[in-house]
Amino acid sequence: MTTTARNSRNPRNSRIRGASIALLLAATTALTGCSTTPADTTPPAPSSPTSATAPPAATDTRARLEVDGTSRDYVLHRPAKSGDGRRPLVIAFHGRRQTAEEVRRLSGLDKAADRRGLLVAYPEGLNKGWGDGGAPTAKRPDPDTDVRFTAALIKKLVGSGQADPRRVYVVGFSNGGSMALRMAAQRPDLVAAAGTVAGQLPTKPAEVRPTGAVPALLIYGDKDPVRPITGMPKPGPPAPGAEPSTPTLSARASAEAFAASAGKKGGTPSPVTEKKTGYTRTVWDSPSPRGDVELIVVHGGGHTWPGSAVRGNPAFGPTSKALDATAAILAFVTGKRS
C-alpha cells in the first residue's frame, strides 16, 4: 500500500529582515511558542502589516492510496485551527454519480469541521459509486473492495499521526450514506459513530447487518423520490451502462437494526419520538454508552441534503431549510448533542 501526494496548498511563513533578526525571532518565539530549526536556511521574506496577524489557513491535499492493486484518490481537508496533534477524522462518502468535490459543496462540511477542529477525508468511489452491499455485481465483482479501501485510508491517516483512532466518524449521502452505514455495521472496531443523509442498510441478497454498538444518525426526507424512505427491496433496472442500485431496508428499519445491535444484552431500547418544526426526531437510547441511535424524518424533504446552499436537481424534490443536516450530524457523531 503506497500513497503519493499530488498537490497541496500551505500558507507561507512571514519572516522579518534586518540586522536584529535573531532578537526579533527570539521575541516572537517567546510570545507565540513557535521556533525555527537549523535546517531552515531560506532567506527571510519582507513582512507586511497584515501577514503577522493573519489567521492560519485550512489546507487541502489530494492524495492517492493503492489498495488491492488499484490506485484510489481522496482529498484531505485539514482545519485551520492551530496545533499538530491527532484530530478527530470524518470520512465523507459522495453519492452515486457524484465526486468528492460535489459532496464537499453539497454538505458544506469544510467550514463546519473547521469550527470543530476536525479532519475531513473525501474518498473517490470507483466509477463514481460505492459497494454499499455485500453482494457482487457485474460492475463491482468484489463487494468488499470499498470496505478494505476505507479501512486502509483510516490506517494511513492514523499511522501518519494525523487522526485519532478513537474518533473516526463516517458520513455520507445516498449511496455514500449506505456506504457509511455499511462501515459502521461491519467495522465497529474502526468507526466511532455514523451520520447519513438518504442512506439505508442493504437487505437481501446484499444484506449488511450491524455487528456491534455504534451510534448512528439517519436523516431522511419523507418525499424522497429517488430512494424512498420506505426502502427499496426491489430496485428498478439501472440506466444503460449504470451500476444497479442495492436493495435496501426502510430508513426506520435501518435505524432499528443499529438500535437492536446496541441493545443485545438488555433488549432493543424503546424509541421516543418528538415533533419539531419541519421534522420528526426518534431516539433509541441504548444501554451501551456507544449505541444511541436517531432517525430524523424531514417533512416534505426530497433526495437532498437539508440545509444545503447548493441548488439540487428539481427532480430530486425540495431541499428543506428546517434542519441543518451538517450541523446535526457533526453534533451527533462528536457526542456534543442535546
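A cavity here is a set of grid points where a 1.4 Å probe fits but cannot get out, and its lining residues have an atom within 4 Å of a point. The model is predicted.

Q: Which residues line the largest cavity?
A: By the rule used, the count is 1 cavity of 30 Å³ or more. The space in the largest cavity comes to about 30 Å³. Its lining is made of Val197, Ile219, Tyr220, Gly221, Val298, Gly302, Thr304 and Pro306.

Q: Which strand gives the most to the lining of the largest cavity?
A: By class, this lining holds 5 nonpolar and 3 polar residues, with no charged ones. Among the lining residues are Ile219, Tyr220 and Gly221. The top contributor, with 3 residues, is strand E8 (residues 216-221).

Q: What is the volume of the second largest pocket?
A: Its lining counts 12 nonpolar, 11 polar and 7 charged residues. Helix H2 (residues 100-107) gives the most to that lining, with 3 residues. The volume of the second largest pocket is about 720 Å³.

Q: Which residues that line the second largest pocket are the closest to its centre?
A: The pocket has a volume of about 720 Å³. In total, 30 residues line it. The closest to the centre are Arg96, Arg97, Val226, His303 and Phe316.

Q: Is Arg97 buried or exposed?
A: Arg97 sits in the loop between strand E4 (87-93) and H2. Its phi is positive, about 65 degrees, although Arg97 is not a glycine. Most residues other than glycine have a negative phi. The relative accessibility of Arg97 is 59%, and the cut-off is over 50%, so Arg97 counts as exposed.

Q: What is the relative accessible area of Lys128?
A: Lys128 belongs to the loop between E5 and H4. Its phi is positive too, near 60 degrees, in a residue other than glycine. Lys128 falls in the partly exposed class, because its relative accessible area is 42%.

Q: How far apart are the C-alpha atoms of Pro143 and Trp130?
A: Pro143 lies in the loop between strand E5 (119-123) and helix H4 (145-159). It counts as buried because its relative accessible area is 13%. Along the chain, Pro143 and Trp130 are 13 residues apart. Their C-alpha atoms are separated by 9.1 Å.

Q: Is the peptide bond from Lys204 to Pro205 cis or trans?
A: Pro205 is in the loop between strand E7 (193-197) and E8. Most peptide bonds are trans. Here omega is near 5 degrees, and the bond from Lys204 to Pro205 is cis.

Q: Which side chain joins that of Asp114 in a polar contact of 2.8 Å?
A: Asp114 is part of helix H3 (residues 109-116). It is buried and has no salt bridge. The nearest side chain of opposite charge, Arg115, lies 7.9 Å away, and the salt-bridge limit is 4 Å. The polar contact of 2.8 Å is with His77.

Q: How many residues of helix H7 are buried?
A: H7 spans residues 325-333 and is mostly covered. Its buried residues are Ala325, Thr326, Ala328, Ile329, Leu330, Ala331, Phe332 and Val333.

Q: Which residue follows H7 with a positive phi?
A: At the start of H7, a side-chain oxygen of Asp324 comes to within 3.2 Å of the backbone nitrogen of Thr326. After H7 comes a residue with phi near 85 degrees. That residue is Gly335.

Key
Residues numbered from 1 in each chain as written. Predicted model: local features only at pLDDT ≥ 70, side-chain atom pairs only at ≥ 80, totals over all residues. Heavy atoms only, no water. 1 Å grid on protein atoms, 1.4 Å probe; cavity = no way out; pocket = protein on both sides within 12 Å on 5 of 7 lines; lining within 4 Å. Points joined across faces, edges and corners; volume = space filled by probe spheres on them. Helix = DSSP H or I, 4+ residues; strand = E, 2+ residues; numbered from the N terminus. Nonpolar A, V, L, I, M, F, W, Y, C, P; charged D, E, K, R; others polar. Buried < 20%, exposed > 50% of the residue type's maximum accessible area, 1.4 Å probe, protein only. Lys, Arg positive; Asp, Glu negative; His and termini not counted. Polar contact = N/O pair within 3.5 Å; in protein donor to acceptor, adjacent residues only side chain to side chain.
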